[in-house]
Amino acid sequence: MNQESLACERVEVDVRNVGGIDESRVEFRPGVTILAGRNATNRTSFLRALMAGLGSDRASLKSDAEEGRVELSIGDETYTRTFRRRNGVVTTDGDPYLEDSTLADLFAFLLETNEARRAVARGDDLREPIMRPVDTDEIKADIERLRARKSSIRDELDELDELERERTRLERERTRLDSELEEFREDREAKTAEVDAYDRDIAETRSEKADLEETLDELNDVRSDLESVRFEIETQRESIENLREERDGLREEVEGTEGSPGEELGRIEGRLGSLRERKSEVEALVNDLQRIVRFNEEMLDGTDSEIAEALRDDGDDPTDALLADDEIVCWTCGSEVETDRIGETIDRLRKLRVETTDQRRELQSEIDELTEQQRDLESDRRSREEKRRRLERSEAEIEDREATVEELRERRERLADRVAELEDEVESLDVVDEYEEMLDEHRELNQLQFRIDQLEDERASVETEIDEIDDRLAERSQLKARLEELEAELAERRTEIERIETEAVEHFNEHMGRVLDILEYDNLDRIWIERTTAEVREGRRTVEQSSFELHVVRSTDADVAYEDSIDHLSESEREVTGLVFALAGYLVHEVHEVVPFMLLDSLEAIDADRIARLVDYIADYADSLVVALLPEDAAALDDELPRISEI
């Protein structure tokens, strides 16, 4: 849905058999909506149902129901989510608002179990939830693609530079040919005048010497053909010599290459297959651990009403045990165990998740190295194959040209024999002495014309090459523009991770400072995040890795500032910090463009007046803010804000 039109739409949520709700229908408009009520009045269940309609998987089917449904209507658009229990397993279906709810789960659905809030509460590395939605593998792949395209364009530009140098040489050749042509044309004009003079002198006897003229014409034609053949033979010989040099060079390169990349490529491909399979297994384990840790955290907090309900039996109500300070009912065996023991187990699972994530990173690093080696070997193989093909083409062309030379030699012999025959025939005529000087003039004129024709052909060829080069050089401006675009895009992709981290820190520090001013915590001067970097080993490579460090600055009664530990934050301060951290993620990932709702719950640790100011602050950044509050906390907010008290 277009976010700009949301403010004019009515939102309707129909819920059946979700969480603790049997059946409910709730309507509200975008803006701030308050769910006011005591505990156990299905406010959290409604928020989870709304999350389900928006696409989240963090809602559950009512424990005594076989089917459940959420229908979310925003204006004329309707989105659905269904739940079905079959053989003890609950499956979900439908057409929710979001296809992927990762961003919303992290930064918009801010219930008590929200991971961004809990990361602050637990003192975790805050970089991980901020960067989780960022597909770093895709960024790396884009960088490789952009680098390859940039390299290709640089090669094209280098080729154009070479062509420009060739064009300069061709221009010099064209100038030389023009100069030679001008000289030969002047000589031809002078020789033509001399021949015309001879022709006028013997015009009166022309009819009597027709046989001589006919023989001379043929002799001139044959001599011209003979010169052409000789020139062609010389041209072919030069081409053959050049081809032989090229062939010998290629042969040395091909024969001098040791080994074959095929065997090494096969080994690398096999290793890559094994690594990718292992990475898939590790990723599956990371995802499983993530779900297990999240589930256990929720159960430790007593937030899953369906499983809590299932733990009840006819003899005893384990509710007191679930809510006890030091004991809890184990959700795997039903026995009472110490809360600290389960907490220790969850800590071990978190540590295993971190170790498994590091293992996945090392596997990806090795995959990247092998992939780069594979590309180099494939490039080497393609280069070898191309050289072999060029060698074969050179040898074939040499054979063709040698055959052509042989044919030209035979033709040259035939023409030479014919010239000799015609010269004998001319000498046998009685008028040969009278025409001997004229024949020499005609012969020289023919030779001049033949050379002019050759030069004109050469010039036309040079002109064609220059035109072709000009066509290619016309692409240079476009290639340079595209290269600049690629460099900008590459720089942006290379710094994208750093940009996101930096913006997240800046957003947090800016909004945390404002919120602390608004909420007026007496001895809390500042809470801020510092982005630090360190070099770590990833497989065989050393890479730069960043982390977020949360700092707390307090002041004494004498106004002396000192840095405190996050462990010393009050529950209220910790909750506010978690919410502001989630807001920073909401802003840096522009979640408002993905989902129009932000949901707030479990704010009881914050006093009512501060809740009112905090809600007013956050409302500026979300199209629709739905807040679950106790009645006394809701009373501190503006009376004009809509309230929903029955669900």
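Predicted model: local features only at pLDDT ≥ 70, side-chain atom pairs only at ≥ 80, totals over all residues.
Which residues in H13 are buried?

1. Let's take the opening question. The buried residues of H13 are Glu496, Ile500, Glu501, Ala504, Val505, Phe508, His511, Met512, Val515, Leu516 and Leu519. The helix itself covers residues 496-519. With 24 residues, H13 spans 34 Å from its first C-alpha to its last, close to the 34 Å expected at 1.5 Å a residue.

2. Now look at what H13 packs against. Helix H15 (residues 608-618) meets it at an angle of about 145 degrees, and the two axes are 10 Å apart. Their crossing is right-handed. On the H13 side, the contact uses His511, Arg514, Val515, Ile518 and Leu519, while H15 brings Arg610, Arg613, Leu614 and Tyr617. Sorted by class, that makes five nonpolar, one polar and three charged residues.

3. On to the aromatics: the structure has four aromatic pairs. One of them joins Phe508 and Phe581 edge-to-face, at 6.3 Å centre to centre with 70 degrees between the planes. This pair links distant parts of the chain, as Phe508 sits in H13 and Phe581 in helix H14 (residues 571-588), 73 residues apart.

4. Tyr617 counts as buried because its relative accessible area is 9%, under the 20% cut-off. Tyr621 has 24% relative accessibility, so it counts as partly exposed.

Note on methods: Residues numbered from 1 in each chain as written. Heavy atoms only, no water. Axes fitted to C-alpha atoms, helices over the stretch in contact; angles between N-to-C directions. Helix = DSSP H or I, 4+ residues; strand = E, 2+ residues; numbered from the N terminus. Left-handed = near helix turned anticlockwise from the far one by under 90°. Contact = heavy atoms within 4.5 Å. Nonpolar A, V, L, I, M, F, W, Y, C, P; charged D, E, K, R; others polar. Expected span 1.5 Å × (residues − 1). Buried < 20%, exposed > 50% of the residue type's maximum accessible area, 1.4 Å probe, protein only. Phe/Tyr/Trp six-rings, centres within 6.5 Å; stacked < 30°, edge-to-face > 60°.
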